[in-house]
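Hi,

Here is the structure I promised to pass on to you.

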Amino acid sequence: MRLRYLLLLIASLTSLIAASQTVITGNVTESQTRTPVDAANVMIKSPEGKILAFATTDTKGHFSLKISKPTEGMTVNVTVLGYKPYSQKIANESAELEIRLETGFNKLQEVVVRSNKIRERGDTVIYNVGSFARKQDKTIGDVIKRMPGLDVENNGRITYQGVDINKFYIEGSDLLGGKYGIATNGISHEDVGAVEVMENHQPMRVLRGVSYSDQAALNLKLKNKAKATLVANGNLGGG
């Protein structure tokens, strides 16, 4: 009886979490031939221009985006070399889109900027810190708040797509255990070159490749000048 109640409770919580997210899926094709367009950058933006979610299309032109904090007035924006930029308003609800791109050769600069801002490598999403930083920022936490899919609370706690991260690495090492708020609120953004989010990260080495997690891990890639002081000496008081 207890087991049945527990299963019902888990199912209810799962439904609530799913309902709180907006999932946008779709396909990107060439307008005339309807051939799939792969490696296209697909972004969901708020009315203020903030990137809420980001993905690239696969070889079939398919993409899938989860928006943990959807809002009214969102737009889907698509850019890829060889095609004209695409933008369309979307409703604040889950949907499947069919996007047709027109060929064009006038957007090389925009594509380069976007690809430098966010990149994907397998299950890892790589954010360029310099592209999101502002003059008023003091710590890396200030910058992470602007990265699509990521949120940082005042105590330094980080969530990705609305779910707590399960590990926080610095140069691939778990230096702080669960006390990563020290780094979030202590490391200067000027010392970090990139923030990597490893989706479905399994923190236990013996289970990697066998069992996957619903949580992601975050890794800070430091600039060369900062590696010696922050990693070797454990100095996390900057900023």
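**What I found**

Leaving out residues up to four places away in sequence, T75 touches M43, I44, K45, S87, Q88, K89 and I90, where contact means heavy atoms within 4.5 Å. Before going on, a word on the ground rules: this is a predicted model, so local features need pLDDT of at least 70 and side-chain atom pairs count only at pLDDT 80 or more, while totals for chains, interfaces and linings use all residues. Residues are numbered from 1 along each chain as its sequence is written, and side-chain values use heavy atoms, with hydrogens and water left out.

Back to T75. You'll find T75 in strand 5, which covers residues 75–79. (Strands are DSSP runs of E with at least two residues, helices are runs of H or I with at least four, and both are numbered from the N terminus.) Is T75 buried or exposed? T75 counts as buried because its relative accessibility is 16%; the cut-offs are under 20% relative accessible area for buried, over 50% for exposed, and partly exposed in between, with a 1.4 Å probe and protein chains only. The side chain of T75 also makes a polar contact of 3.0 Å with the side chain of N77. That term means a pair of N or O atoms within 3.5 Å; within protein, one must be able to donate a hydrogen and the other to accept it, and residues adjacent in sequence count only if both atoms are side-chain atoms.

**The cores**

Next, the inside. The largest nonpolar core has 30 residues, and Y127 and V195 touch the most other members. A nonpolar core here is a set of buried Ala, Val, Leu, Ile, Met, Phe, Trp, Tyr and Cys residues joined through side-chain atoms within 4.5 Å. If you click on V195 and skip its neighbours within four places in sequence, its contacts include V125, I126, Y127, I140 and L218. There is also a second, separate core of 22 residues, and among its members are V37, V42, A53 and M74.

Now try finding the open sheet made of three strands in the order 4-1-7, with mixed pairing. Two strands pair if DSSP finds at least two bridges between them. Strand 4 (62–67) and strand 7 (95–101) are the edges, each pairing on one side only. From one strand to the next, the twist averages 25°; the axes behind such angles are lines fitted to C-alpha atoms (for helices, over the stretch in contact), and angles run from 0 to 180 degrees between N-to-C directions.

Which strand pairs with strand 1 in the parallel sense? Strand 7 does, over seven bridges, with strand 1 spanning residues 22–30. In that pairing N27 stands opposite E98. Strand 1 and strand 4 pair in the antiparallel sense over six bridges, and I24 has L65 as its bridge partner in strand 4.

Strand 4 is also handy for seeing two faces. In a regular strand the side chains alternate between the two faces of the sheet. In strand 4, F63, L65 and I67 make up the covered face, whereas H62, S64 and K66 make up the uncovered one.

**Salt bridges**

How many salt bridges does the structure hold? There are seven, each being a side-chain nitrogen of Lys or Arg within 4 Å of a carboxyl oxygen of Asp or Glu. One of them joins the side chains of E102 and K84, at 3.8 Å from N to O. E102 is in the loop between strand 7 and helix 2 (108–117), and K84 is in the loop between strand 5 and strand 6 (86–89), so this pair ties together parts that are 18 residues apart in sequence.

K167 pairs with D174, and their closest N and O atoms are 2.7 Å apart. Salt bridges that share partners also join E153, R157 and D164 into one network. Within it, the closest N and O atoms of R157 and D164 are 2.7 Å apart.

**Two backbone angles to check**

Most residues other than glycine have a negative phi. A39, which is not a glycine, has a positive phi of about 60°, and A39 sits in the loop between strand 1 and strand 2 (41–45). E171 has a positive phi too, near 55°, and E171 is in the loop between strand 13 (167–170) and helix 5 (181–184).

Cheers
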